[in-house]
Each structure stands twice: as C-alpha cells, then as structure tokens.
Amino acid sequence: MDDLRFIVGNSYKSVHPSEAKLDRSGRYPKNHDWTLYVDVVSGCPDDIKNVTFDLGHSFKPQKYMSSCPVPVKSDGGGPQTWRFCTRQQSYGSVAAEVTVQAADGSTKNITHRVALGTG
C-alpha cells in the first residue's frame, strides 16, 4: 500500500423537511443526505481489495463494503480519480470507521466524522 495514496471524505446535501423520511423509530427526519468515500488519488485502484464503512450500531446494516470503485471526475477539470463509497441519509452526524484492505492483505484504518452542512 506504499505506492497508493487516497483521501477519505464526504459530500453532503440537505434534504428538504417535506421530503425527509423518518428513521426506524419514526421520530427523527433523516434530513442529511451524504456520501462517504475513499478516493484513490495516486496509484492503482486495483491495489485495493475493498473498503469497509462501519457506520455504527444505529445503521442497519452497520457495515457497508465497497469492492468495485467508480470513476469520478475531479472538480475544476482535474484528473479522474477512482472512488469507493456509500451513500446514506441520517438525522445526525456519524463517526465512521473506514477500513481500506489492500490486495496484498495489509489494512489501513481511518476514523472519519461525516461533515454535515456546507463550509
């Protein structure tokens, strides 16, 4: 994984109150729509076997695994990157445990707090 560089981040969009679905308890509107991602910025995306996103016990299922990256164009016309991701909706912020497993069996663990809102 030495030749591989990646960025963990998230994108965000607010959900209008009239369109927000309620959580499983039926009490809280899920007014945050976000995508948690790992972008490969240098190196070969095939060097990653999979990425696991552990979102905590309030999500069912709690863990999401991505093993097939999708191409993403960079903002401003930069080079294309490869993205492993999961898209979710929630009523609050999440501290996700992200595990990147390389094809050689090595792993890298990162904690990422999902940023809600702009700025």
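Tutor: By class, the residues that line the largest pocket divide into four nonpolar, six polar and four charged ones. The model is a predicted one. In this model the lining of the largest pocket comprises 14 residues, and the pocket has a volume of about 340 Å³. Nearest the centre of the pocket lie Asp23, Arg24, Ser58, Phe59 and Tyr91. Among the elements, strand S6, which covers residues 81–90, gives the most to this lining, with three residues.

Two of the residues nearest the pocket centre, Phe59 and Tyr91, lead us to the aromatic rings. A pair of aromatic rings is described by the distance of the centres and the angle of the planes. The count of aromatic pairs comes to two. In the pair of Tyr28 and Tyr91, the ring centres are 4.8 Å apart and the planes stand at 25°. Planes under 30 degrees apart count as stacked, and therefore this pair of Tyr28 and Tyr91 is stacked. As to position, Tyr28 belongs to the loop between strand S1 (5–14) and strand S2 (32–42), while Tyr91 belongs to the loop between S6 and strand S7 (95–102). The pair therefore ties together parts that are 63 residues apart in sequence. Tyr28 has a relative accessible area of 36% and is partly exposed. Tyr91 is partly exposed as well, with a relative accessible area of 44%.

The other aromatic pair is formed by Trp34 and Phe59, with 6.1 Å from centre to centre and 70° between the planes, an edge-to-face arrangement. Trp34 lies in strand S2 and Phe59 in the loop between strand S3 (48–54) and strand S4 (63–66). These two residues are 25 residues apart, and their pair links distant parts of the chain. Both Trp34 and Phe59 are buried.

A ring also takes part in a contact with a charge: the charged end of Arg83 sits over the ring of Tyr37, at 3.8 Å from the ring centre.

Methods: Residues numbered from 1 in each chain as written. Predicted model: local features only at pLDDT ≥ 70, side-chain atom pairs only at ≥ 80, totals over all residues. Heavy atoms only, no water. 1 Å grid on protein atoms, 1.4 Å probe; cavity = no way out; pocket = protein on both sides within 12 Å on 5 of 7 lines; lining within 4 Å. Points joined across faces, edges and corners; volume = space filled by probe spheres on them. Helix = DSSP H or I, 4+ residues; strand = E, 2+ residues; numbered from the N terminus. Nonpolar A, V, L, I, M, F, W, Y, C, P; charged D, E, K, R; others polar. Phe/Tyr/Trp six-rings, centres within 6.5 Å; stacked < 30°, edge-to-face > 60°. Buried < 20%, exposed > 50% of the residue type's maximum accessible area, 1.4 Å probe, protein only. Lys NZ or Arg CZ within 6 Å of the ring centre and 35° of its normal.
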